[in-house]
Amino acid sequence: MLHVTTDPLAEAAEALAANPAKAERLARTLASRDPADPRPRLILASALRRLGRPAHALPILLDLARAWPKAARTRYELGLALCGVGRGQEGDQQLDTAVSLDPRHAEAWRAIADRAFACGAVQRERRALAALARLDADHPDLGRAAELVALDRHDEADPILRSFCRAHPHHAEGARLLAACHIAHRTVHAAETLLRHALSLDPQSKRIRFDLAHALFAARLAQQALTELAPLLAAEPDNPAYLNLQAACLGLLGDDKAAEAINARLAEAFPANPGVAVNHGHAARTAGLRDTAIRAYRRATILAPHMGEAWWGLANLKIGALSDADEAQMRGLLGGSLPADDRMRLSYALGRRLEDAGDAAGAFALYAQGAALARVKFGGADQDYAAQAHDVCQLYTPEFLAARSGQGSPDAAPIFIVGLPRSGSTLVEQILASHPAIEGTMELPYIGSLVGRIEREGGATRIASASPAQLRDWGEEYLALARVHCRLGRTHFIDKMPNNFRHIGLIRLILPEARIIDVRRNPMAACFSGFKQLFAEGQEFSYDLEDLAAYYRHYLAIVRHFHAVAPGALHTLVYEDLVDDTEGQVRALLAALGLPFDPACLRFFENDRAVRTVSSEQVRQPIYRSGLDQWRKFEPFLAPLAQGLGDDCTGWRA
């Protein structure tokens with residue numbers, strides 16, 4: 001008969017994770033038998049900490065650290081115990097000592113990362129995550145690349161990963177990391193392909209599934225992202241990364257109350273993280289909880305005074321939320337050393353404050369500073385808009401459109417609102433969404449995504465060769481994606497993506513019964529309003545006055561073309577006319593849509609639907625004229641814009 005000898009010390013150590021009470025009992029017995037052996041005392045201290053008694057563990061650990069100062073495991077436990085009794089700074093120092101003594105101490109690195117996240121120490125968290133990524137890799141090249149990805153240095157990681165994946169095409173983690181580079185470079189379709197391949201190789205990987213959910217969200221496929229996220233949340237319902245992505249997906253789908261509730265929960269769980277507070281501010285603003293948003297942004301400015309995103313969040317509410325004291329503080333911050341992103345956002349925020357105070361020169365200087373930084377961050381426009389407009393006109397001739405008349409999906413539900421950002425499209429959406437037959441959704445990305453895929457398949461040639469069945473399929477694909485955002489069961493829904501004016505031709509082919517509204521505004525007003533706005537992403541043309549002029553002319557050329565080749569295909573509504581004669585313009589607009597007038601459209605400001613654009617607070621109040629000519633205060637600084645617009649500076653209505 002075989003007798004198995006159990007090592008009591010090993011048994012106590014193994015019990016720590018699943019049964020710390022058992023570990024405590026065993027360790028006390030062992031420590032009493034051999035007081036000179038430090039191992040039972042270390043297990044005992046760890047068990048006490050895990051049982052929520054760090055104060056009892058602390059004296060044991062301090063004694064052990066004095067006797068064995070180079071023991072990394074002791075330093076790790078001491079760090080956690082100090083944090084557990086509220087001595088966080090000392091605890092962090094001990095955790096740092098632990099990883100300096102043993103750079104491969106993964107538990108200590110994880111503790112550093114978790115504590116850094118809790119207090120919003122982004123760079124410290126990244127360094128810890130980079131160390132963990134390096135330790136987790138099974139190949140030196142992969143370890144270096146994983147470290148670079150964690151440090152947000154994707155350009156450096158990309159060539160390493162491409163080489164690695166060529167040599168190891170069935171390595172799941174290599175594919176996952178290369179996908180992270182694609183997401184950073186906004187080639188999301190390639191990232192999704194890589195991640196699905198990686199998941200087929202390692203179906204149980206939580207990291208791969210989470211990254212796939214993130215890639216789907218980046219592609220604006222929120223429902224699919226939530227499907228991938230569901231099993232992860234079921235296993236770890238309090239994981240902040242999972243919850244953050246869930247909230248973002250719900251926001252994209254229009255469930256803004258649920259998104260705000262999740263962000264509020266995270267803000268309560270991590271009260272010292274300014275980034276979490278800012279996210280809560282953004283979610284509260286979208287949900288129409290103005291006071292909650294202000295409190296969240298204010299909290300972030302207290303936690304991290306240099307955080308430009310929090311200051312810009314306050315300024316971007318456009319309700320005069322910034323005070324004299326805020327102005328002084330922002331001036332002081334801009335006078336010091338700041339990361340480029342914070343300087344960019346603070347420049348816009350202080351510019352908004354000075355504009356509200358009547359200092360046009362000071363405001364413009366700050367807007368220009370912010371725009372210069374934004375142009376570096378997002379990239380300049382660097383596009384030949386005249387050539388692009390010419391290509392559109394060459395493809396979508398009267399003959400081309402007539403030959404495909406009646407093809408595509410016959411569904412008349414979509415109403416597209418197009419134009420330039422900051423031209424009144426959000427106001428028009430709010431007015432229409434107050435009609436009982438129309439549901440407002442958001443700026444849906446699906447036409448742009450479809451265009452991106454068509455471009456990869458040949459662009460104009462692919463469109464010209466598309467069969468009637470293909471055109472119908474494209475239309476049905478758009479409708480299936482868009483209807484996820486429709487919650488009220490109304491006859492029509494709005495897609496308010498302004499830049500869809502570039503795709504009017506494709507919309508006519510795949511959704512011939514859809515209605516298209518062109519919302520047009522005086523180019524000096526529209527372009528300057530865009531110039532002084534820091535957008536969440538994209539709109540690269542908006543950070544330079546000459547680029548803005550070229551883009552506005554591009555917009556006019558395309559819209560004018562479709563008015564000429566497809567009369568009645570779209571309805572142009574001039575923002576200034578809407579302000580001057582609201583009821584008359586609303587009646588004409590509804591008539592163009594084939595809908596009866598409803599008085600609720602004139603009380604649009606009573607509509608409590610969520611608004612996701614930068615005009616969210618403005619459309620929650622009645623129309624006012626004061627904003628029409630605000631640009632004139634800045635006219636002395638807008639000469640490059642006026643020159644770039646040329647004849648369209650005055651002839652824009654035609």
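Where is aspartate 648 found? In this predicted model, aspartate 648 sits in the segment that comes after α34, the helix spanning 639–645. Leaving aside residues up to four places away in sequence, aspartate 648 touches Pro523, Arg553, Leu556 and Arg560. With arginine 560 there is also a polar contact, side chain to side chain, at 3.1 Å.

Glycine 86 tells another story. This residue belongs to the loop that links α5 (72–84) and α6 (88–101). Its relative accessibility comes to 64%, and since the cut-off for exposed is over 50%, glycine 86 counts as exposed. Between the C-alpha atoms of glycine 86 and phenylalanine 217 there is a gap of 38 Å, with the two residues 131 places apart along the chain.

Phenylalanine 217 leads on to a pair of packed helices, as Phe217 is one of the α13 residues in the contact with α14. Here α13 (residues 206–218) and α14 (residues 222–235) pack with their axes 8 Å apart and at an angle of about 155 degrees. Angles over 145 degrees count as roughly antiparallel, so that is the label for α13 and α14. Their crossing is left-handed. On the α13 side, Phe217 is joined in the contact by Lys206, Arg209, Phe210, Leu212, Ala213 and Leu216, while α14 brings in Gln224, Ala225, Glu228, Leu229, Pro231 and Leu232. Sorted by type, the residues of this contact split into 9 nonpolar, 1 polar and 3 charged.

Definitions and conventions
Residues numbered from 1 in each chain as written. Predicted model: local features only at pLDDT ≥ 70, side-chain atom pairs only at ≥ 80, totals over all residues. Heavy atoms only, no water. Helix = DSSP H or I, 4+ residues; strand = E, 2+ residues; numbered from the N terminus. Polar contact = N/O pair within 3.5 Å; in protein donor to acceptor, adjacent residues only side chain to side chain. Contact = heavy atoms within 4.5 Å. Buried < 20%, exposed > 50% of the residue type's maximum accessible area, 1.4 Å probe, protein only. Axes fitted to C-alpha atoms, helices over the stretch in contact; angles between N-to-C directions. Parallel < 35°, antiparallel > 145°, perpendicular 65-115°, else oblique. Left-handed = near helix turned anticlockwise from the far one by under 90°. Nonpolar A, V, L, I, M, F, W, Y, C, P; charged D, E, K, R; others polar.
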